[in-house]
Amino acid sequence: DENRLEAQVGNRLDVRGEGLEVELTWVPNRNFSLLATAGWQRVYLRSGLPFRFQDPGARLPLVAGGNFASSGDPTGLVAQNNPDKIIPAVPELTANLFAIYQFDNGLGAGMGPSFRSSQWLNYEHTLSAPSAVVWNAIAYYRRPTWEILLELTNIFSTDVFYGGTEFASSTLVTKAPPIEAKLSVSWLW
């Protein structure tokens, strides 16, 4: 989809994207499977820069966290550092690998890494989040009509940062939580 919603004012952003994704599943026997994905993407803004709050820089460092409204490029840094207007907060490279082993008695477990490349967090390309590798795991018990599943996310509590909106300079970056667990029970009928 070439349209992205700008949540602050409800206007769509006119964007274009390009990318490539490769997926692979290998099942050498009925108990083991290996899932892999890799992707590259880049998203460009085709129109003018959206309304957002700007960092005031060294001139006024204590004024409301940098709440200066802008819909253009008042500092000239976008034209200098990002002339193609690449959309921030979108990692260009991602890769995942997940191995799953299922025993004959219905027990199963899986584990694997998920990689996100470093990414720019603002249009000016002055703030970036580092790349990260996060490990995730699952354990389950399956029967013909029900399943118990335990999912563990970020099992080594890796520091991961996500870009958000440029609506306010204080909400630009969010740190992902450390290890999280989710237990679910499913019935089939």
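**Stop one: a pair to start with**

Select Arg16 and Glu18: the two form a salt bridge, with their closest N and O atoms 3.7 Å apart. The term here means a side-chain nitrogen of Lys or Arg within 4 Å of a carboxyl oxygen of Asp or Glu. Arg16 is partly exposed at 36% relative accessible area, and Glu18 is partly exposed too, at 35%. (Buried is under 20% relative accessible area, exposed is over 50%, and partly exposed lies in between, using a 1.4 Å probe and protein chains only.)

Before moving on, some housekeeping. This is a predicted model, where local features need pLDDT of at least 70 and side-chain atom pairs count only at pLDDT 80 or more, while totals for chains, interfaces and linings use all residues. Numbering runs from 1 along each chain as its sequence is written, and side-chain values use heavy atoms, leaving out hydrogens and water.

**Stop two: across the chain**

Now pick Glu92 and Arg42, whose side chains meet in a salt bridge at 2.8 Å, N to O. This one links distant parts of the chain, 50 residues apart: Glu92 sits in the loop between helix H1 (77-81) and strand E6 (93-102), Arg42 in strand E3 (residues 32-45). Helices (H or I, at least four residues) and strands (E, at least two) are DSSP runs numbered from the N terminus.

Select Arg142 and Glu147, which meet at 2.4 Å, N to O. Arg142 is partly exposed at 37%, whereas Glu147 is buried at 16%.

Zoom out: the whole structure holds 7 salt bridges.
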